[in-house]
Amino acid sequence: MAALRLPRGSGVFKGYCMTLEAVLAALHMVAILTLVVFLTSEAALCRSEWMNPAVVKRLARLDLIYGITAVVLLASGLARLYFGVKGLSWYVSQPLFHVKMTLFVLMGLLSIKPTLTFRRWLKALNQTGALPGEAEVRSTRRWVMVQSHILPVVAVIAVFWARGW
């Protein structure tokens with residue numbers, strides 16, 4: 001990173017920092033929107049009345065993309081923390097930052113059960129052709145829906161945080 005060092009007093013340094021901040025913010029926003037799309041898709045498809053082999057395969061694929069997106073979201077957030085204009089000390093001094101991170105971790109923990117369930121369904125489908133039972137689909141959908149309801153809370157917290165709360 002030594003090649004990127006610019007004199008702090010120069011307009012070039014400020015322009016570089018602002019461009020980096022904009023790129024990191026855009027990447028973070030795209031990751032958030034992608035996360036919403038794939039979580040919503042999981043919630044829409046995980047219904048017993050729609051369950052068929054194609055849906056089981058699609059749920060496993062959607063969940064994989066959802067997981068990758070969550071990692072990109074985390075990485076872009078960490079990049080903003082360490083390389084963004086505000087810096088690490090500003091973020092960690094903000095109470096709403098900690099609330100957002102706690103909810104994000106909670107969503108990650110809640111996503112473990114559906115992820116393992118989708119993989120198990122796919123494995124059973126590939127080995128025996130069996131589809132999941134109605135009660136198991138309902139239970140898994142409930143886990144996905146809980147995540148889906150936490151995500152807008154994170155967005156509302158972000159709005160309040162951006163306005164100085």
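**View 1. E134 pairs with R138 in a salt bridge, with the closest N and O atoms 2.9 Å apart.** A salt bridge here is a side-chain nitrogen of Lys or Arg within 4 Å of a carboxyl oxygen of Asp or Glu. The model is predicted: local features need pLDDT of at least 70, side-chain atom pairs count only at pLDDT 80 or more, and totals for chains, interfaces and linings use all residues. Residues are numbered from 1 along each chain as its sequence is written, and side-chain values use heavy atoms, leaving out hydrogens and water. E134 and R138 are 4 residues apart in helix α5, so about one helical turn separates them. An α-helix has 3.6 residues a turn, so residues three or four places apart point the same way. Helices are DSSP runs (H or I, at least four residues), numbered from the N terminus. R138 is partly exposed, at 44% relative accessibility. Buried means under 20% relative accessible area, exposed over 50%, and partly exposed in between (1.4 Å probe, protein chains only).

**View 2. A salt bridge joins the side chains of E136 and R120 (2.6 Å, N to O).** This pair links distant parts of the chain: E136 sits in helix α5 and R120 in helix α4, 16 residues apart. E136 is partly exposed, with a relative accessible area of 26%. R120 is partly exposed as well, at 42%.

**View 3. E21 and R80 form a salt bridge, their closest N and O atoms 3.4 Å apart.** Distant parts of the chain are linked here: E21 belongs to helix α1 (residues 11-45), R80 to helix α2 (residues 53-83), and 59 residues separate them. E21 counts as buried, at 13% relative accessibility. The structure holds 3 salt bridges.

**View 4. Q147 in helix α5 (residues 134-162) makes a side-chain polar contact with the side chain of Y66 (2.8 Å).** A polar contact is a pair of N or O atoms within 3.5 Å; within protein, one must be able to donate a hydrogen and the other to accept it, and residues adjacent in sequence count only if both atoms are side-chain atoms. Q147 is buried, because its relative accessibility is 0%. Beyond its neighbours within four places in sequence, Q147 is in contact (heavy atoms within 4.5 Å) with L39, Y66, M107, L110, S111 and P114.

**View 5. Helix α4 has a kink of about 30° at I112, shortly before the proline P114.** The bend at a residue is the angle between axes fitted to the seven residues ending there and the seven starting there. G129 follows α4, with a positive phi near 80°.

Terms used: Helices (H or I, at least four residues) and strands (E, at least two) are DSSP runs, numbered from the N terminus.
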